[in-house]
Amino acid sequence: MTAQPHPHRTDGDGPRTGSGSGAGPGRQVRAVRLGPRSVAALVLISAIGVMAFGWPLLADSASGLAHSKDAPWLFAALLPMLLTVVVATIADTGLDAKAIAMLGVLAAAGAAMRPLGAGTAGIEPMFFLMVLSGRVLGPGFGFVLGSVAMFASALLTGGVGPWMPFQMLTMGWVSMGAGLLPGPDRLRGRRELAVLAAYGAVSAVLYGLIMNLQGWPYIAGLASGVSFVPGDPLDQNLARYIAYCLATSLGWDLPRALVTAVLTCTLGGTVLKALRRATRRAAFDVPVSFTPDPPRGAASS
């Protein structure tokens, strides 16, 4: 039996397929298409993630709870839930060998890029690749890629700890958000790069702000003006949190945003073309049909 994809050709930045595929010119190829179960899993884990990040702001002062006590439990709970997203995606869409291979290559590249800046002054080129990959390959692939790449980078750098599932979830959001940006089929050139650079800069800052919530509630020895006070009104704790971010992490978040925007503007066009060319050649959305091999010794027509 020989596998033969349906006839297709490429033209410009978008695929053009034969009449049997039902695709129009310039349509964005998706390596992973979200089905009902994968969407439900994404919504569920995102909701749990929001609660995991934000519940200390609403905790009662008499509860005596802190992230230092619940983080190991969240670590054990969030990782299987992240895996259910992958499982649900496979069940709904059939994540084939080509998509798995691309996922492995991009996750390895992202993991290798993260230590380049070693966290110095927020220089993390990994964000630039995650944003562009999510843009080209779609939100489903983007979420899985961001999570897997962060997991791989943690293993590579020895950064495994209770904070790792938070990093995986937040990076998944960053890459998924890029896949949800408008105009995937028609926006190209400088306008697309401008949109991606702006999104990358904003998401890089938001990543830092969100990750601060994971550690801020249980850091001891902070000044009273920036420390978390369990049971205090939400507006007062938010004011302290903003002061904490301004005093500590903004010096890393802004350079990360700048590096992401600069890399997107300078290298984004080349990387986008390479990713789109790879997705066209992989033909993720082209159905494969099997035809019997001709008998041995039969004359070719």
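**Figure 1. Arg276 is a buried residue that forms a salt bridge with Glu192.** The relative accessible area of Arg276 is 4%. Buried means under 20% relative accessible area, exposed means over 50%, and partly exposed lies in between (1.4 Å probe, protein chains only). This is a predicted model: local features need pLDDT of at least 70, side-chain atom pairs count only at pLDDT 80 or more, and totals for chains, interfaces and linings use all residues. Residues are numbered from 1 along each chain as its sequence is written, and side-chain values use heavy atoms, leaving out hydrogens and water. The closest N and O atoms of Arg276 and Glu192 are 2.6 Å apart. Arg276 sits in helix 9 (residues 250–282) and Glu192 in helix 7, so the bridge links parts of the chain 84 residues apart. A salt bridge needs a side-chain nitrogen of Lys or Arg within 4 Å of a carboxyl oxygen of Asp or Glu. Helices (H or I, at least four residues) and strands (E, at least two) are DSSP runs, numbered from the N terminus.

**Figure 2. Glu192 also meets Arg135 in a salt bridge.** The N to O distance is 2.9 Å. Glu192 belongs to helix 7 and Arg135 to helix 4, so this pair ties together parts 57 residues apart in sequence. Glu192 is buried, with 2% relative accessible area. Arg135 is buried too, at 1%. Side chains of opposite charge can pair when their charged atoms come close.

**Figure 3. Asp253 and Arg256 form a salt bridge within helix 9.** Their N to O distance is 3.0 Å. How far apart do Asp253 and Arg256 lie in helix 9? They are three residues apart, about one turn of the helix. Asp253 is buried, at 2% relative accessible area. Arg256 is buried as well, at 6%. Shared partners join Glu124, Asp253 and Arg256 into one salt-bridge network. The whole structure holds four salt bridges.

**Figure 4. Phe53 and Phe166 form an edge-to-face aromatic pair.** The structure has three aromatic pairs. In this one, the ring centres are 5.0 Å apart and the planes stand at 70 degrees. Phe53 lies in helix 1 and Phe166 in helix 6, 113 residues apart. Rings of Phe, Tyr and Trp (its six-membered ring) pair if their centres lie within 6.5 Å; planes under 30 degrees apart count as stacked, over 60 as edge-to-face and the rest as tilted. Trp173 joins Phe53 and Phe166 in a cluster linked by ring pairs. Phe53 is buried, with 3% relative accessible area. Phe166 is buried at 0%.

**Figure 5. Phe127 and Tyr207 form an aromatic pair that is edge-to-face.** The centres are 5.0 Å apart, with 80 degrees between the planes. Phe127 is in helix 4 (residues 126–137) and Tyr207 is in helix 7 (residues 189–215), so the pair ties together parts 80 residues apart in sequence. Both residues are buried.

**Figure 6. Gln167 sits in helix 6 (residues 164–179).** Is Gln167 buried or exposed? Gln167 is buried, with 11% relative accessible area. Which residues does Gln167 contact, leaving aside its neighbours within four places in sequence? They are Arg114, Met150, Tyr207 and Met211. Contact means heavy atoms within 4.5 Å. Ala154 is 13 residues from Gln167 along the chain, and their C-alpha atoms are separated by 9.3 Å.

**Figure 7. Leu34, Val39 and Val43 form a nonpolar surface patch.** Together they have about 220 Å² of accessible area. Patches are made of residues with over 30% relative accessible area and no salt bridge: like charges are joined within 9 Å, and nonpolar side chains (Val, Leu, Ile, Met, Phe, Trp, Tyr) within 5 Å. Accessible areas come from the Shrake-Rupley method with a 1.4 Å probe; for residues, only the protein chains shown count as cover. Leu34 lies in the loop between strand 3 (14–17) and helix 1 (36–58). Leu34 is partly exposed, at 33% relative accessible area.

**Figure 8. Cys245 is buried, whereas Cys265 is partly exposed.** Cys245 has 4% relative accessible area. Cys265 has 48%. How many disulfides does the structure hold? The count is zero, where a disulfide is a pair of cysteine sulfur atoms within 2.5 Å.
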